[in-house]
Amino acid sequence: MLDNSVVSAQRLLRSRLGRRLLILFAACAVVPTCAVALLSFVSVTGELTRQGRQRLSALAGSAGKTVYDRLSFFESDLRRQGDALLACAQQPRRAAASGCGEDLLYAAEGIAASSRGPIGILAGRRGSVDPLSGLQLPVLSPGQSTLLVRPAEPAPALYLVHRPETSSETLLFARLSPDYLWSAADAQGLPGSITLDLLDADYASVLGASKALAGLSHAVSRAVGQGAVGSFEWNDSRPLLSAYWTLPRTTGFSAPLWRVVLSEPRADIIAPIAGFRRSFPLVLALALLAVVALSLRQIQRSLLPLDELGKGTRRITQGDFRTPVRVSSGDELEELGGAFNVMTARLERQFRALETAAEIDRAILSSVDTATIAQTVLDRVPELASCEALSLTVLSPDGEPAGTTWIELACGRGLRSMVQVQLTAAEILQTQEQPEWMSFGTGIAAIPGYLGHFENGLDVALLCCPLYHGGELLGVLAVRDDPTRRSNETLLDLRRLADRVAVALWNARMMDQVRVLAFYDSLTRLPNRVLYKQRLGQAIGRAQEDGRRVGVCSLDLDHFSRINDTLGHGLGDQLLQEVAVRMQACFRQDDGADAGAETLGVQVARLGGDEFAVVLPALAEPQEALWSARRMLEAFQQPFRLGSQEVFVTASIGIATYPDDGPDTETVHKNADVAMTHAKEEGRNTVELYSASMNSEALSRMQLEQELRKAVELGEFSLWYQPIVELRTRWVTGAEALIRWEHPERGVVPPGEFIRLCEDSGLIVPLGEWILRGVCAQIRAWERAGYDTPRVSVNLSARQLRQRGIVRTVQDILAETGVRPGALAIELTESLLMEPGGTTERRIRELAELGVSLAIDDFGTGYSSLSYLKNFPVSTLKIDRSFIVDVTSSADAAAITTAIIALARAMELDVVAEGVETKAQASFLRERGCQKAQGYLYGRPVPPQEFTQYLEARPRQRASA
Ligand code: C2E
Ligand code: CA
Ligand code: CA
């Protein structure tokens, strides 16, 4: 307790205000006290001194009178006795008779003195009386008396001198005993320590120096100027107060300027106040102590609360709202402390609300998926609003009045669940009518069905905030609470939170969409190339840890473009979707319905077009990938139902594994692609495991592509021409332009080795334009040279035809070169005709409208039904060489060829047999009615200057006809 107060006192003294107050209090107490004490001391001392003076003066007066009376008595006695003495001296007998001779000494002209009684009388002549020698005799009138002092030790000798009236020569001397004038008894009669002195006119002590106060004569000599009576203060080793009284002069008797001086030590005079003086410092000290103690206590009572309030304020700035200030001063400061605590509590509530709101904001706005947002809301809302239960309903993004509700049935106890809910049109309308709040339960309004999870048989009250964003209802936040405790503040907090949740849900929805767009293929809903790469990377990462393998299957549909072209893009897309479903199903079958591809970790992805890829994680052997791939191929054995028709589709699959075929995602994927290309080259509908040699093939292909690009720039291409003849007459009726690449090292490279690469790489577009221009220029050159030039046909690849502006290009080139459209034929592959109503059909028509003649190349290899042909403005069919080669040896080939020829004739189309090499073939064809042929039998493709031989022969041929 004492320690405490000492500590708090120390603390107070460290505080500047505390020190100031303490000094103020102490000064207020000490200064007046000291002033009063001093004043009283001074006035009491003064009063005592005054009284002492009065008393001393009075005493001096009375003592003086006593001395004077005694002197007067002596004088009168001397006078009386002197008369008697003189009488005795004049009549000695009578004197003897009267006995005076015994008692008195008489001298006629001398001095009388007595040693007896108060007055001894001496008698004799002057000079004979020893004691008087050396005395200056006074001059006295007759009857007059005076006093004489003869200095002597230890006390001066006093003499009373009288001149009798009767004798002019006689002086009577009487020696006075000082004791008689002022005896020890008299001195004792004086009160206290008062001493009396009798000073003569020379201020010498009459009573004896030993008795007198040293220095008194000096002091008196200075003071007497003041008058016959008076008092003064002086110092004689101690302060003294003295009063004097001058003996009066009478006619008969004079004691010239004798003074009675009474002295008393000042200390004795002011003795009554000495006690006060002694005790005053103690009293003052005590009073000061009391003042300090009391003021400390008082300051403490005011300062400690201030200190506490200061600390409280500092705590608030440091974010501590929990510790209240403790002020128990019992006054206004205590009230202030109470108000401060109330304010702090309010601040805390608001601060916490803000903090919680900010945290919720951060949490929900940083959550990118709906479920996390819902969990965050369930976690944090109870901190903001007092609630018993709450739920967040999130509507599905597809616009259906259905959604998912996350429920916390007992706030703080984590009793969570999730249900699917359905909203009625009326319920949605209700949220539109009350977009801010909706109140349900406790007799106000029935709880809507989608919030039915709150109904527990009791009367519950619900506060709901519809979550709108951009005018779209995203969900409903519902809180079960006590309606009597709803304050405006919490309502606003909740509403604000609801707005933020709405924004977060909207963001999540957007993010979902972005995620789907960024990572999923919109057609098949399979992961796209980006996600596939990610997943493959993850799988490889895991494989690095567990030492297992990752297989990658690269799957490409065989002749998909043909299907696309034949059946149209709509059905092509449908096929891709169906393929995606079957591929996923491959990895589901084994493990029952529950274990989806995702759970197995297998990822089926569509990389684009008809290109698919499958990631097979955690393989023990590369062989396992092969089994999976075979299973996929089996999945293609059933026909696909597309619209009204069934189509058989096959696929080629390449496999590469990590780490066998590559150390990273890129390499493994690339090698799986290489293996797939190889599978295509191996005849399709097959699986190839990657081998290192495949890469060298791919490498050489890449090299070739680079060389091709350079060749275009360097003009290494040229056009050769092969004659087309009339079978019957062998007359040259046309020519086909065929491209040749004169490679600086490899020599002439046939188009079979690079046309496909040109198509794949897109080089065919500029190259094709170059060919067209070259052919037209050649026609024009031959015509200028005067040749009767037959129609020259040019091969146009499917990719060129799909090129926008191809018709315009042909038209421009014709115009540029000035070639008649009829002089040009364009050969198209059969598959291009399989898209009735599409853009290719439109382009074909537009080409025909230019006046260019159209031929179908490689006819018979496509899947098209011949009936399509009638929809197109085609004039010629070219039967594929593969039929002609076997036409004499294979019944099938012969039958197909015969049928094609018959059909073409029926449709009034020209038929050209390609690749006729033997006379047998030629005669077979002729017999079946085929009009035209092209082949080595009639002429190989040759450079234009060599082709002129055929041109030169033409007029002759015609002439010979
Ligand atoms: P295609 O359009 O069917 O051209 C006929 C091909 O058959 C030519 O091969 C020709 O030399 C060859 N040929 C002609 N008669 C016989 C024969 O009796 N026996 C044999 N074994 N072959 C014969 P080439 O020139 O190697 O062209 C191959 C293919 O390359 C062409 O087939 C065509 O599809 C394409 N091609 C050639 N030049 C061009 C061109 O300028 N543009 C486009 N887009 N493709 C071209
Ligand atoms: Ca051709
Ligand atoms: Ca052909």
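Here is a short chat about a predicted model of a protein chain with calcium ions.

Me: Before we start, what should I know about how things are counted and numbered?
Reply: Residues are numbered from 1 along each chain as its sequence is written, while chains are lettered from A and ligands numbered from 1 in the order in which they are written. This is a predicted model, where local features need pLDDT of at least 70, side-chain atom pairs count only at pLDDT 80 or more, and totals for chains, interfaces and linings use all residues, and side-chain values use heavy atoms, with hydrogens and water left out.

Me: How many helices and strands does the chain have?
Reply: Helices (H or I, at least four residues) and strands (E, at least two) are DSSP runs, numbered from the N terminus. Going by that, the chain comes to 29 helices and 32 strands.

Me: What percentage of the residues is buried?
Reply: Buried means under 20% relative accessible area, exposed over 50%, and partly exposed in between (1.4 Å probe, protein chains only). Of the 961 residues in the chain, the buried share is 46%.

Me: What does Val-775 touch?
Reply: Contact means heavy atoms within 4.5 Å. Leaving aside residues up to four places away in sequence, Val-775 touches Leu-719, Tyr-721, Ala-737, Val-792, Val-794 and Leu-824.

Me: Which residues coordinate the calcium ion (ligand 2)?
Reply: Donors are N, O and S atoms within 2.8 Å of the metal (3.2 Å for Na, K and Ca), and water is not among the atoms, so sites may look incomplete. Along the chain, the donors of the calcium ion (ligand 2) follow the spacing E-x58-N-x31-E-x29-D. At 2.0 to 2.3 Å, they are Glu-736 (OE), Asn-795 (OD1), Glu-827 (OE) and Asp-857 (OD).

Me: Why does the pair Glu-827 and Asp-857 tie together parts of the chain, and how many residues apart are those parts?
Reply: Both Glu-827 and Asp-857 are buried. Glu-827 lies in strand E28 (residues 824-829) and Asp-857 in strand E29 (residues 853-859), so the pair ties together parts whose separation in sequence is 30 residues.

Me: Which residue bridges the calcium ion (ligand 3) and the calcium ion (ligand 2)?
Reply: The protein donors of the calcium ion (ligand 3) include Asp-858 (OD) and Glu-914 (OE), and its donors lie 2.1 to 2.5 Å from it. The two ions lie 3.9 Å apart, and the residue bridging them is Asp-857.

Me: Is Glu-914 buried or exposed?
Reply: Asp-858 sits in strand E29 and Glu-914 in strand E31 (residues 910-914), 56 residues apart. Asp-858 counts as partly exposed because its relative accessibility is 27%. With a relative accessible area of 10%, Glu-914 is buried.

Me: Why is helix H15 largely enclosed, and how many of its residues are buried?
Reply: The buried residues of H15 pack against strand E17 (549-557), helix H16 (569-586), strand E20 (640-642), strand E21 (645-647) and helix H23 (798-802). Among the buried ones are Phe-560 and Ile-563. Helix H15 (residues 560-567) is largely enclosed by the rest of the structure because the buried count, out of 8 residues, is 6.

Me: Where is Val-377 found, and what is its relative accessible area?
Reply: Val-377 touches Ile-364, Pro-382, Leu-390, Leu-392, Leu-477 and Val-501, not counting residues up to four places away in sequence. Val-377 is found in helix H11 (residues 370-384). It's buried, with a relative accessible area of 0%.

Me: Which peptide bond is cis, with omega near 5°?
Reply: Look in the loop between strand E22 (651-658) and helix H19 (665-681), where Pro-659 is found. The cis bond runs from Tyr-658 to Pro-659.

Me: What is the phi of Arg-525?
Reply: Arg-525 is found in the loop between helix H13 (488-519) and helix H14 (529-546). At 61% relative accessibility, Arg-525 counts as exposed. Its phi is positive in a residue other than glycine, near 65°.
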